[in-house]
Amino acid sequence: MIRLRTDFFAESLGLGTSMVVLMPQAASGIGMEGADATSGSAADESGVPVLYLLHGLSDDCTIWERRTSIERYATEKGIAVVMPEVRRSFYTDEAVGEAYWTFVAEELPRIVARTFRVSTAREDTFVAGLSMGGFGAFKLALNHPERFAAAASLSGALDPANLPLELHTGHLAERVWGGREIAGTADDLLGLVGRRDPAELPALFLDCGTEDQLIDQNRRFLAAAEDAGVEVASRLRPGAHTWEFWDEGIQDVLDWLPIRG
């Protein structure tokens with residue numbers, strides 16, 4: 001795997017930011033066997049499949065590498081991984097702050113496409129994340145279903161209108177939403193899943209621990225999806241809001257992704 005920490009200027013944010021990018025490398029070493037998913041696949045001309053992997057509220061663009069073995073897991077799949085940084089924005093254009101939704105939904109994919117050898121085809125593009133990043137992954141999938149073949153949420157904060165009290169520390173809700181109504185907006189995932197044509201949505205995967213403080217939000221999302229006839233591959237299993245849970249979960253996500261061979 002080729003690993004790059006990339007620093008760049010984001011016009012939508014008006015500031016410099018960073019992302020970590022992993023690119024497949026067909027190479028072997030001690031205890032390692034790299035793959036390149038473009039070998040013999042339909043993605044040969046346009047680039048390798050790509051997973052946008054989103055961080056949680058207290059994290060940054062390096063956290064998935066530091067707390068899991070994502071590089072090793074992605075190496076075996078021959079898939080690129082893009083890990084952007086969005087601070088504590090909830091993947092939203094903040095009321096008092098920066099336009100992180102515009103950044104991650106519009107500017108970031110353009111920068112990635114013109115800088116790295118990744119496919120821009122819907123069937124080769126995936127998104128996943130944990131906690132706040134699980135919300136971001138499903139927000140991208142439900143607002144831009146034409147861009148993604150699959151989306152996965154691990155312990156997602158899927159109902160921001162009903163965040164646990166401790167997540168409001170530091171006036172998070174006031175800074176991000178500024179008192180704006182969430183219902184009916186791009187952040188209203190429970191509403192969006194009921195308004196979308198199930199046939200147009202990407203494949204959805206939801207994983208959450210039964211001891212997680214966000215379990216009720218995940219159950220509400222699943223209920224809304226069921227009411228709307230939207231199929232979600234779900235797994236509510238023993239576990240809490242921990243990296244042990246997410247390290248296991250991201251391996252299962254990679255196995256589940258419909259990566260073209």
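This is a predicted model: local features need pLDDT of at least 70, side-chain atom pairs count only at pLDDT 80 or more; totals for chains, interfaces and linings use all residues.
Trainee: OK, so what does that give for helix 8, and how far apart are its end C-alpha atoms?
Mentor: Helix 8 covers residues 243-256, which is 14 residues, so at 1.5 Å a residue it should span 20 Å, and the end C-alpha atoms lie 19 Å apart, which agrees.

Trainee: Which residues of helix 8 are buried?
Mentor: The buried ones are Trp243, Phe245, Trp246, Asp247, Gly249, Ile250, Val253 and Leu254. As background, residues three or four places apart on an α-helix point the same way, because there are 3.6 residues a turn.

Trainee: Switching to pockets, how much space is in the largest one?
Mentor: The largest pocket holds about 240 Å³, and of the 14 residues lining it, Tyr52, Pro109, Thr120, Thr125 and Arg147 are the closest to its centre.

Trainee: Which element supplies the largest share of that lining?
Mentor: Helix 3 does, with five residues; strand 5 (50-54) and helix 3 (100-115) each supply at least two. By class, the lining of the largest pocket comprises 10 nonpolar, three polar and one charged residues.

Trainee: And what is the volume of the second largest pocket?
Mentor: Its volume is about 170 Å³, and among the 15 residues that line the second largest pocket, those closest to the centre are Gly56, Leu57, Ser58, Ser131 and His241. That lining divides into eight nonpolar, five polar and two charged residues.

Trainee: New topic: how many residues are in the largest nonpolar core, and which have the most contacts inside it?
Mentor: There are 59 residues in that core, and Met19, Phe90 and Phe221 have the most contacts inside it. Helix 3 gives the most to this core, namely eight residues. A separate core of 29 residues includes Trp64, Ala128, Ala149 and Phe245, and Phe245 is also one of the buried residues of helix 8.

Trainee: What does Phe221 contact, leaving out neighbours within four places in sequence?
Mentor: Phe221 is in contact with Phe138, Leu142, Leu158, Leu189, Leu190, Val193, Leu206 and Val232.

Trainee: Last one: is Lys139 buried or exposed?
Mentor: Lys139, which is found in helix 4 (residues 132-143), has a relative accessible area of 1%, and because buried means under 20%, it counts as buried.

Trainee: What does Lys139 touch, then, beyond residues up to four places away in sequence?
Mentor: Lys139 touches Tyr91, Thr92, Trp101, Ala186, Asp187 and Leu189.

Notes: Residues are numbered from 1 along each chain as its sequence is written. Side-chain values use heavy atoms; hydrogens and water are left out. Helices (H or I, at least four residues) and strands (E, at least two) are DSSP runs, numbered from the N terminus. The expected span of a helix is 1.5 Å times one less than its number of residues. Buried means under 20% relative accessible area, exposed over 50%, partly exposed in between (1.4 Å probe, protein chains only). On a 1 Å grid over the protein atoms alone, a cavity is a set of points where a 1.4 Å probe fits but cannot get out, and a pocket is an open set with protein on both sides within 12 Å along at least five of seven lines; lining residues have an atom within 4 Å of a point. Grid points are joined across faces, edges and corners, and a volume is the space filled by probe spheres set on the points. Ala, Val, Leu, Ile, Met, Phe, Trp, Tyr, Cys and Pro count as nonpolar, Asp, Glu, Lys and Arg as charged, and the others, Gly among them, as polar. A nonpolar core is a set of buried Ala, Val, Leu, Ile, Met, Phe, Trp, Tyr and Cys residues joined through side-chain atoms within 4.5 Å. Contact means heavy atoms within 4.5 Å.
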